[in-house]
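The dialogue below takes one feature at a time.

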Amino acid sequence: MSDFDLLLTLQKELTDTLKLRTRISDGWIPSTLSKSKIRRLRLQIQEVMLRIERACQTTYIHGKESWHE
């Protein structure tokens, strides 16, 4: 899985988690929707974004860049 695919997967998981969390009106929040899971996903997204940013070439691209292979 490329970094780009991983980024899309993590972003989808984060948005799905937040959508499910908005449906809880009152009561206990399950561990699958906890604040720690949201934080972990955000940190993973940051890590992948940083890898992609570092892999981006500056001015001229010869072939594909390594982050979307």
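Q: Is the crossing of helix 1 and helix 2 left-handed or right-handed?

A: A crossing is left-handed if the near helix is turned anticlockwise from the far one by less than a right angle, and right-handed if clockwise; here the crossing of helix 1 and helix 2 is left-handed. Helices are DSSP runs (H or I, at least four residues), numbered from the N terminus. This is a predicted model, in which local features need pLDDT of at least 70 and side-chain atom pairs count only at pLDDT 80 or more, while totals for chains, interfaces and linings use all residues. Residues are numbered from 1 along each chain as its sequence is written, and side-chain values use heavy atoms, with hydrogens and water left out.

Q: At what angle do helix 1 and helix 2 pack?

A: Axes are lines fitted to C-alpha atoms, for helices over the stretch in contact, and angles run from 0 to 180 degrees between N-to-C directions. Helix 1 and helix 2 pack at about 155°, with axes 10 Å apart, and are therefore roughly antiparallel (angles over 145 degrees).

Q: Which residues does D3 touch beyond its neighbours within four places in sequence?

A: Contact means heavy atoms within 4.5 Å. D3, which lies in helix 1, is in contact with V48, R51, I52 and W67, leaving aside those neighbours.

Q: Is S34 buried or exposed?

A: Buried means under 20% relative accessible area, exposed over 50%, partly exposed in between (1.4 Å probe, protein chains only). S34, in the loop between helix 1 (3-22) and helix 2 (35-55), has 18% and is therefore buried.

Notes. Helix = DSSP H or I, 4+ residues; strand = E, 2+ residues; numbered from the N terminus. Parallel < 35°, antiparallel > 145°, perpendicular 65-115°, else oblique.
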